[in-house]
Amino acid sequence: MEPYDRSQPTPTSITSLITDRYPGVFVAEAMNASFFSRSDKHWPNFATIVTTDEHDTASDLSRPGTFRLNIGVTGATFDRLTAAVGEPDFTAFDRLFPHPVYAAQHWIGIVNPTTATFETVVIALLDEAHERLAAQQARHAGKR
């Protein structure tokens with residue numbers, strides 16, 4: 001797998017960063033998408049990368065080299081990031097927006113993030129999403 005590419009994040013290099021940053025993360029590949037979870041036994045996932053319009057057509061991922069990174073964040077972060085979005089342009093590159101299908105579950109998306117946005121904004125959101133899922137799973141384990 002190629003390492004994280006500082007010149008321009010790609011689905012493969014983002015996958016490398018996620019698997020390096022979060023030891024034990026499980027990556028499921030299905031339907032032209034990558035689903036990232038804390039392990040093969042713990043679902044749901046905390047992030048996804050989609051590269052086709054197979055899941056939804058909102059971001060026009062049929063454009064060459066286009067992908068969308070989706071991240072499940074906390075309600076507070078979702079509200080902070082989407083409060084001023086207005087009517088989102090799901091096709092715009094390097095802009096955070098409420099996920100076109102899973103916004104109600106506090107998922108955000110970004111199409112082709114730039115290196116600057118990825119490193120200054122997106123990595124922190126991935127950290128939050130991973131921790132959010134870990135806390136959720138710990139709560140559920142405590143109830144058993």
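In helix α2 (residues 75-82), T77, F78, L81 and T82 are buried. Buried means under 20% relative accessible area, exposed means over 50%, and partly exposed lies in between, with a 1.4 Å probe and protein chains only. Viewed down the axis of α2, the buried residues fall within an arc of 110 degrees, so they line one face of the helix. The arc is that of the directions from the helix axis to the C-beta atoms. The face of α2 turned away from this buried side carries the exposed residues A76 and R80.

The model is predicted: local features need pLDDT of at least 70, side-chain atom pairs count only at pLDDT 80 or more, and totals for chains, interfaces and linings use all residues. Residues are numbered from 1 along each chain as its sequence is written, and side-chain values use heavy atoms, with hydrogens and water left out. Helices (H or I, at least four residues) and strands (E, at least two) are DSSP runs, numbered from the N terminus.

Six strands form an open sheet. Their order is β1-β2-β3-β4-β6-β5, and the pairing is antiparallel. The edge strands are β1 (26-30) and β5 (96-98), each of which pairs on one side only. Neighbouring strands of the sheet are turned by 20 degrees against each other on average, direction ignored. The axes behind this angle are lines fitted to C-alpha atoms, for helices over the stretch in contact, and angles run from 0 to 180 degrees between N-to-C directions. Two strands pair if DSSP finds at least two bridges between them.

Strand β3 pairs with β2 in the antiparallel sense over four bridges. In this pairing, S34 stands opposite I49. β3 also pairs with β4 over four bridges, again antiparallel. Here A47 stands opposite I71. Both faces of β3 are covered: A47 and I49 are buried on one side, T48 and V50 on the other. Strand β4 (residues 68-72) is in turn joined to β6 (residues 107-111) by five bridges, and the two run antiparallel. I71 of this pair stands opposite I108.

The largest nonpolar core has 25 residues. Such a core is a set of buried Ala, Val, Leu, Ile, Met, Phe, Trp, Tyr and Cys residues joined through side-chain atoms within 4.5 Å. Those with the most contacts inside the core are I18, F46, L69, I71, F118 and L126. Two or more residues each come from α1, β3, β4, α2, β6 and α3 (115-142). Helix α3 gives the most, with seven residues. I71 touches F46, A47, H106, W107, I108, V122, L125, L126 and A129, not counting residues up to four places away in sequence. Contact means heavy atoms within 4.5 Å.

N45 is found in the loop between β2 (33-37) and β3 (47-50). N45 is buried, with a relative accessible area of 17%. Its side chain reaches the backbone oxygen of A47 at 3.4 Å. Leaving aside neighbours within four places in sequence, N45 is in contact with F35, F36, S37, W107 and L133.

T10 is found in the segment before α1 (11-21). T10 is partly exposed, with a relative accessible area of 23%. T10 and I49 are 39 residues apart in sequence and 9.8 Å apart in space, C-alpha to C-alpha.

Key
Polar contact = N/O pair within 3.5 Å; in protein donor to acceptor, adjacent residues only side chain to side chain.
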